[in-house]
Amino acid sequence: LCSVKQMLRPGGVLLLSASGASEDINPAYRELYRQDHASTGEYHTYYSRDQAGKVLYETHHFTEEELRLLLVKHGFEIQTFEKSRESSSRRPQESAWFFYVTAHVPL
């Protein structure tokens, strides 16, 4: 967010989509958060793995409050903030929360 803000002029617009914390609608995510918490050190962060269980990368799911606070902390003004229940690309049979945000750099 710091780099993005530096690249935008005053009045510049940020369009952001982010994965939302989904333990309330998806038990599989609840288990992933719990399982990987000790090694990631952060709740809502887990390791995305391939079908053989090999770790591909670390994934973080934001809470709405966390994402809002990060945007404000980095100097953005939030214009729209939508929360949508959808299926994820890696788990199309399961629901997850996604956030769609429009924010701008103040004039």
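**Salt bridges, sheet and nonpolar cores**

With a relative accessibility of 32%, Arg 68 counts as partly exposed, because that class covers values between the limits of 20% for buried and 50% for exposed residues. The structure described here is a predicted model. Glu 64 is likewise partly exposed, its relative accessible area being 29%. The side chains of Arg 68 and Glu 64 form a salt bridge, with a distance of 3.1 Å from N to O. Both residues belong to helix H3, where they are 4 residues apart, or about one turn of the helix.

A search of the whole structure gives 3 salt bridges. Another of them joins the side chains of Arg 34 and Glu 31, at 2.4 Å from N to O. These two residues lie in helix H2 (residues 27-40), and because they are 3 residues apart there, about one helical turn separates them. Arg 34 is exposed, at 54% relative accessibility, while Glu 31 is partly exposed, with a relative accessible area of 36%.

A further salt bridge is found between the side chains of Arg 49 and Asp 36, at 2.9 Å from N to O. Arg 49 is in strand S2 (residues 45-49) and Asp 36 is in helix H2, so this pair ties together parts that are 13 residues apart in sequence. The two partners also fall into separate accessibility classes: Arg 49 is partly exposed, with a relative accessible area of 23%, whereas Asp 36 is buried, with a value of 3%.

The arrangement of strands is considered next. Three strands form an open sheet in the order S1-S5-S4, and their pairing is antiparallel. Strand S1 (13-20) and strand S4 (77-87) are the edge strands, each of them pairing on one side only. On average, neighbouring strands of the sheet are turned by 15 degrees against each other, with direction ignored. Between S4 and strand S5 (residues 95-104), the antiparallel pairing runs over 10 bridges. Ile 78 stands opposite Ala 103, a residue of S5. Helix H3 (residues 64-73) packs on this sheet and touches S1, S4 and S5. The direction of H3 makes about 150 degrees with that of S4.

The buried nonpolar residues were examined last. In soluble globular proteins, nonpolar side chains tend to be buried together. In this model, the largest nonpolar core has 10 residues. Its members are Leu 14, Ala 18, Leu 67, Leu 71, Phe 76, Phe 81, Phe 99, Val 101, Ala 103 and Val 105. S1, H3 and S5 are the elements that give two or more residues to this core, and S5 gives the most, with 3 residues. For Leu 14, neighbours within four places in sequence being left aside, the contacts are Leu 1, Val 4, Leu 8, Leu 71, Phe 76, Val 101, Thr 102 and Ala 103.

Conventions. Residues numbered from 1 in each chain as written. Predicted model: local features only at pLDDT ≥ 70, side-chain atom pairs only at ≥ 80, totals over all residues. Heavy atoms only, no water. Pairing = 2+ DSSP bridges. Axes fitted to C-alpha atoms, helices over the stretch in contact; angles between N-to-C directions. Contact = heavy atoms within 4.5 Å. Salt bridge = Lys/Arg side-chain N within 4 Å of Asp/Glu carboxyl O. Buried < 20%, exposed > 50% of the residue type's maximum accessible area, 1.4 Å probe, protein only. Core = buried A, V, L, I, M, F, W, Y, C linked by side-chain atoms within 4.5 Å.
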